2 protein chains.
Amino acid sequence: MPAEDAIFRGAMRLLASGVTIVATNCRGEYSGLTATAVCSLALSPARILASVNRAGRTYERIVESRIMSVNLLAEDHAPLADRFAGRTGAVGEDRFAHAAWEERVTGAPLLGNALAALDCRITEIVQLDTHALLIGVVEDILFGPARAPLLHFDGGFATALAPCSGGRDA
Amino acid sequence: MPAEDAIFRGAMRLLASGVTIVATNCRGEYSGLTATAVCSLALSPARILASVNRAGRTYERIVESRIMSVNLLAEDHAPLADRFAGRTGAVGEDRFAHAAWEERVTGAPLLGNALAALDCRITEIVQLDTHALLIGVVEDILFGPARAPLLHFDGGFATALAPCSGGRDA
């Protein structure tokens, strides 16, 4: 029997993840949300996956526009992450105020001072009940200033501490 | 034109992620690898996704056994993560020495002192050139002692620093 949702949620709080903003540009209008379920998928061509809730407006607009940006946030972006998670009450294009966004290849909005902002064209959408997997080929990448990442762990934001030993490829 | 692999790799180094061990039990033999491309997928039933390289032995055995565990590592697990990443030269079942593993519902090996160890039955495998997305329903969860997570960021291991403000659901 599958694990109960509440217990599963408790376990998933312990899966540390980088915080990102997934955004799109649909007929000239920006839309975006905070997402933590993002991972690198494959090379040649470079591809990335983001799992987003199908109930939201951003999902609908990505399905229509077939483009998305995935913006990797730095520790100083906690207020922006709250804004795109809907915690400040800002909706739609209003979420994009107070930060500098630019368009490159696809037209999706890229956060100028993200750790990295990936400009993607959607190649595949896998629908799974409440969520959908958005798979995109990365057409361009914008790098912002290097700094510590914004993380989500145990129900709140955190940042990364100086590396432990190990973990480096030879 | 898609981003060059080297530049994409550079960006993906900046996507902080929790470090996990994905393992299976195929006809009584354990096999496992270190994975950082793991995310929560959906509730009701609880589902998780792991992206793993199709070239490895663990992938083949998960395809055959249709079970996997996803073990969320703590900061003191850096040597274990190196071991399952092949950095110590340990292969096959030898990787499982020096740590306590247990079987619950599916028979996949669960790391006793992981932050959380998820016991999963594979429901879907999406093949993508070099990698495959393994989607599993979570049948059971084992919780180890609460502590800081092991992260991968910027080419090395790290851990999480005490939470910044914000990021909490109301």
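A polar contact, as the term is used on this tour, is a pair of N or O atoms within 3.5 Å, one of which, within protein, must be able to donate a hydrogen and the other to accept it. Keep that in mind while looking at this predicted model, in which eight residue pairs, both members at pLDDT 80 or more, are in polar contact across the interface of chain A and chain B.

**First stop: the interface**

Begin by colouring the two chains separately and selecting the residues where they meet, which number 71 from chain A and 71 from chain B. Between them the chains bury about 5,800 Å², and 67% of that area is on carbon and sulfur atoms. If you look for salt bridges across the interface of chain A and chain B, the rule finds zero. Next select strand β10 of chain A, residues 131-143, which with eight residues gives the most to the side of chain A that touches chain B. Colouring that side of chain A by residue class will show 43 nonpolar, 16 polar and twelve charged residues.

**Second stop: strand against strand**

Now select residues 156-161 in both chains, that is, strand β12 of chain A and strand β12 of chain B, which run antiparallel and are joined by three bridges. Within this pairing, Ala160(A) stands opposite Ala160(B).

Zoom out and superpose the copies: a rotation of 180° with 0.0 Å of shift along its axis places chain A on chain B, with an RMSD of 0.0 Å. The two copies are therefore related as by a two-fold rotation axis. The same surface serves both copies, since 100% of the contact residues of chain A recur in chain B.

Move to chain B and select Asp140(B), which lies in strand β10, residues 131-143. Leaving aside its neighbours within four places in sequence, Asp140(B) is in contact with Arg104(B), Val105(B), Ala117(B), Leu118(B) and Asp119(B). Show the side chains of Asp140(B) and Arg104(B), and you will find them joined by a polar contact of 3.0 Å.

**Last stop: a salt bridge in chain A**

The structure holds 18 salt bridges over all chains, and one to display is that of Asp154(A) with Arg13(A), whose closest N and O atoms are 3.4 Å apart. Asp154(A) lies in the loop between β11 (150-153) and β12 of chain A, and Arg13(A) in the loop between α1 (5-12) and β1 (17-18) of chain A, so this pair ties together parts that are 141 residues apart in sequence.

Technical notes
Residues are numbered from 1 along each chain as its sequence is written. Chains are lettered from A and ligands numbered from 1 in the order in which they are written. This is a predicted model: local features need pLDDT of at least 70, side-chain atom pairs count only at pLDDT 80 or more; totals for chains, interfaces and linings use all residues. Side-chain values use heavy atoms; hydrogens and water are left out. Contact means heavy atoms within 4.5 Å. Buried area is the accessible area (1.4 Å probe) that two parts lose on being put together, summed over both. A salt bridge is a side-chain nitrogen of Lys or Arg within 4 Å of a carboxyl oxygen of Asp or Glu. Helices (H or I, at least four residues) and strands (E, at least two) are DSSP runs, numbered from the N terminus. Ala, Val, Leu, Ile, Met, Phe, Trp, Tyr, Cys and Pro count as nonpolar, Asp, Glu, Lys and Arg as charged, and the others, Gly among them, as polar. Two strands pair if DSSP finds at least two bridges between them. Copies are superposed by least squares on the C-alpha atoms of residues with pLDDT of at least 70 in both.
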